[in-house]
Amino acid sequence: MDVLKVAVIGTGMISDFHLQAYKQNNRVKLYGVYDLSGGRAAEKAARYGVGKVYRSVDEVFADPEVDAVSICTWNHTHAELGVKALENGKHVLMEKPLAMTYPDALRIREAAKEPAIVFQVGFVRRFAAGTRVLKTFIDDGLLGEIYYAKGTHLRRVGNPGGWFADRSRSGGGPLIDLGVHLLDVCWYLMGKPEVARIKGVTFTELGNRGNVEALSFYKAADYSADRNDVEDLAAAMITFKNGATLMLDVSFSLHAKKDETGIRLYGKKGGAELEPELVLMTEQNHTILNIHPQIDHLTIDFDEAFGAEIDHFVACCLDGKKSEAPLEDGLEVMKMLDGVYESSKTGREVVYDQAE
């Protein structure tokens, strides 16, 4: 197979990153698109030069010409579509999160019986230039053993509404939408340790905050200020079996001075900040050094990161390369997301079997 024929399922905002990246890869043929809104699918097909607009998702999976699919749909459809894609022998790039819940994610693993079929989870921050550079320093031992990390993504007024604010379709609010990225990239750079304990809390104090004027924010296509049953804020402490700890806090709505994104890791020999921009800290000759790498993108550039993610997926499908964001990693991240929500619901720490 010299060219990968790809269909994109779901043509909302996130699909533009996929479609543009596929279009720029000369080993890909953008073969088809599907969306519940036929008009939106046709518009995206015309914009990106896609040859076919499917009438149903089953038509996509039944088409023998389709080698791979990007699934860019609402979260509650991920497990079902992932299973169907695998059952029909399609390579899969699944937008995060893998599913709505860990048990749903396990259904995908049960369907993943053919080792030659690639299943990659859309952990796009793993593929950002800063992450790739930082990982080389971590692998070379500059930070030493990483024992503490912190991920923060706080929006003052940033509830997108629509399906993002509808738990039945999204599975939750900022934790499953924003926190999944921070949790994953921290865990990935920490060496993917096994989770031992999770203490989490969520708050639903402020709601949509659609009353706020003169401050713009992204709104889903089906935005409504009256519809919201997801958390405003989530915070968690995740302790791993090697003793390392990850702190996480994410919000859609919060009485904060400004929006904030921070990703920080601390090791026995040095530390690093990935956001708001890449910098490394270490000691040499009894002196603390802040090291500022000279790279094009010191903070995440989503066009660049999605391009790298898609290029990697294509290489995995065509060349047999091992995925940097495999299904099993998606399962572990889903387990942690479930653990935060469960801890918040019960008010108790979630403890995982130490013998696992």
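**Exercise 1. Determine how the span of α10 compares with the span expected for its number of residues, and state what follows the helix.**

*Solution.* Step 1. Helix α10 contains 20 residues and reaches 28 Å from its first C-alpha to its last. Helices (H or I, at least four residues) and strands (E, at least two) are DSSP runs, numbered from the N terminus.

Step 1. The expected span is 1.5 Å times one less than the number of residues. For α10 the expected value is 28 Å, and the span found is close to it.

Step 2. The residue after α10 is G347, whose phi is positive, near 80 degrees.

Step 3. The model is predicted: local features need pLDDT of at least 70, side-chain atom pairs count only at pLDDT 80 or more, and totals for chains, interfaces and linings use all residues. Residues are numbered from 1 along each chain as its sequence is written, and side-chain values use heavy atoms, with hydrogens and water left out.

**Exercise 2. Describe the open sheet of nine strands and identify the helices that lie across its strands.**

*Solution.* Step 1. The strand order is β14-β13-β12-β11-β7-β10-β9-β8-β15, and the pairing is mixed. Two strands pair if DSSP finds at least two bridges between them.

Step 1. The edges are β14 (287-291) and β15 (350-351); each has a single partner strand, so one side of each is left without a neighbour in the sheet.

Step 2. Strand β7 is joined to β11 by eight bridges, and the two run antiparallel; here G151 has I263 of β11 as its bridge partner. Seven bridges connect β7 to β10 (residues 245-251), and this pair runs parallel, with A149 opposite L246 in β10.

Step 3. β12 and β13 (residues 279-284) run antiparallel and are joined by four bridges. Within β13, V279 stands opposite E273.

Step 4. Helix α6 lies across β7 (146-154), β11 (260-267), β12 and β13, at about 170 degrees to β12. Helix α10 lies across β8 (195-203), β9 (233-240) and β15, at about 55 degrees to β8. Contact means heavy atoms within 4.5 Å; axes are lines fitted to C-alpha atoms, for helices over the stretch in contact, and angles run from 0 to 180 degrees between N-to-C directions.

**Exercise 3. Characterise the two cavities and the second largest pocket by volume and lining.**

*Solution.* Step 1. On a 1 Å grid over the protein atoms alone, a cavity is a set of points where a 1.4 Å probe fits but cannot get out; a pocket is an open set with protein on both sides within 12 Å along at least five of seven lines, and lining residues have an atom within 4 Å of a point. Grid points are joined across faces, edges and corners, and a volume is the space filled by probe spheres set on the points.

Step 1. The whole structure holds two cavities of 30 Å³ or more. The largest has a volume of about 70 Å³, and its lining includes R125, E275, H297 and D301. Helix α6 (129-139) supplies the largest share, three residues. By class, this lining has five nonpolar, four polar and three charged residues. Ala, Val, Leu, Ile, Met, Phe, Trp, Tyr, Cys and Pro count as nonpolar, Asp, Glu, Lys and Arg as charged, and the others, Gly among them, as polar.

Step 2. The second largest cavity has a volume of about 30 Å³. Helix α10 gives the most to its lining, with four residues; the classes are eight nonpolar, one polar and no charged.

Step 3. The second largest pocket has a volume of about 420 Å³. Of its 19 lining residues, P115, I117, V118, F119 and L327 lie nearest the centre. The elements that give two or more residues to this lining are α5 (102-111) and α10 (327-346).
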